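Student: I would like to learn how to read a protein model. Could we take one feature at a time?

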Amino acid sequence: AWKYVELANGSGTGRAGSSADLVLLVRASGGEPADDVSVVVSVPGSSGSLGDGQRSIRASSDEEGRVPLTCTLPEQSGPFAIDVAIPEQPGPATRIELNVAPAEPAKAQAEGNNQAAVAGMRLPLPLGVRVMDRFGNPVSGVGVAFEVTEGAGRLESGNATHRSTTGADGRATTAFVLAVEAGQNSVKAVVEGTKQAIDFIAFGTEV
């Protein structure tokens, strides 16, 4: 009787570098669970592992057709796959696609710092913060609060404060208009939910 394998639990998503507990379900051709079926699970790529660091393991389904599985997800976010083969039947292995999300925000990088322009004008480049996890993956959906701390310059909203949210590239930005008086302008950006803060300096020059 023909058998097939599917992912029985969860959404197939985990965080980079974390351990994920999965359950595979072996079914017979009619859809009913198939017990005592031997399967070989392997990681086709160069990153990620199974169990205690193995690239391939062999296991058998229990009376409910289930095969518990622990895998260590790659440090790089993006797609991740495992292949499940049933040695007793011909045909290619079943590929189960997982998605690796970035880990928690861990570091922030300034972009557009130390610019200069004529006083009262907009800076050539926006002030930006790139938020990453500990592996360098960009983290989206993170709030960044910008605040003018020196000078009478104004942020994108036209106010002394502005909140932006990181996109898929991990970047949150704001335009900045220098104070009409020549001199130094300062802006602080705080990555919400973390202790990460970045100080920006911009210089307004005489005409």
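Tutor: We start with the nonpolar core, which is a set of buried Ala, Val, Leu, Ile, Met, Phe, Trp, Tyr and Cys residues joined through side-chain atoms within 4.5 Å. Buried means under 20% relative accessible area. Keep in mind that this is a predicted model.

Student: Which residues touch the most other members of the largest nonpolar core?

Tutor: In general, nonpolar side chains tend to be buried together in soluble globular proteins. Here the largest nonpolar core has 23 residues, and Leu24, Val39, Val41, Phe80 and Ile82 touch the most other members. Two or more residues each come from β3 (19-28), β4 (38-42), β7 (66-72), β8 (78-85) and β9 (94-101). The largest share, 4 residues, is from β3. A second, separate core has 20 residues, among them Ala117, Leu123, Leu178 and Ala189.

Student: What does Val39 touch, leaving out residues up to four places away in sequence?

Tutor: On that count, Val39 touches Val26, Ile57, Arg58, Ala59, Val67, Val84, Ala85, Ile86 and Pro87.

Student: How many helices and strands does the protein chain have?

Tutor: There are 0 helices and 19 strands in the protein chain. Its radius of gyration is 26 Å, well over the 17 Å that the globule rule gives for 207 residues, so the chain is more spread out than a compact globule. Along the principal axes, the C-alpha atoms fill a box of roughly 85 × 25 × 25 Å. Of the 207 residues, 38% count as buried.

Student: Is Thr174 buried or exposed?

Tutor: Thr174 counts as buried because its relative accessibility is 0%. This residue is found in strand β16 (residues 171-174). Its side chain reaches the backbone nitrogen of Glu156 at 3.1 Å.

Student: How many salt bridges does a search of the whole structure find?

Tutor: A salt bridge is a side-chain nitrogen of Lys or Arg within 4 Å of a carboxyl oxygen of Asp or Glu. The search finds 9 salt bridges. In one of them, the side chains of Glu88 and Lys3 meet at 3.1 Å, N to O. Glu88 lies in the loop between β8 and β9 and Lys3 in strand β1 (residues 3-7), so this pair ties together parts that are 85 residues apart in sequence. Glu88 counts as exposed at 54% relative accessibility, whereas Lys3 counts as buried at 14%.

Student: Where do the partners Arg15 and Glu104 lie?

Tutor: Their side chains meet in a salt bridge at 3.3 Å, N to O. Arg15 lies in strand β2 (residues 13-15) and Glu104 in the loop between β9 and β10 (107-111), so the pair ties together parts that are 89 residues apart in sequence.

Definitions and conventions:
Residues numbered from 1 in each chain as written. Predicted model: local features only at pLDDT ≥ 70, side-chain atom pairs only at ≥ 80, totals over all residues. Heavy atoms only, no water. Buried < 20%, exposed > 50% of the residue type's maximum accessible area, 1.4 Å probe, protein only. Contact = heavy atoms within 4.5 Å. Polar contact = N/O pair within 3.5 Å; in protein donor to acceptor, adjacent residues only side chain to side chain. Rg over C-alpha atoms; globule rule 2.2 N^0.38 Å.
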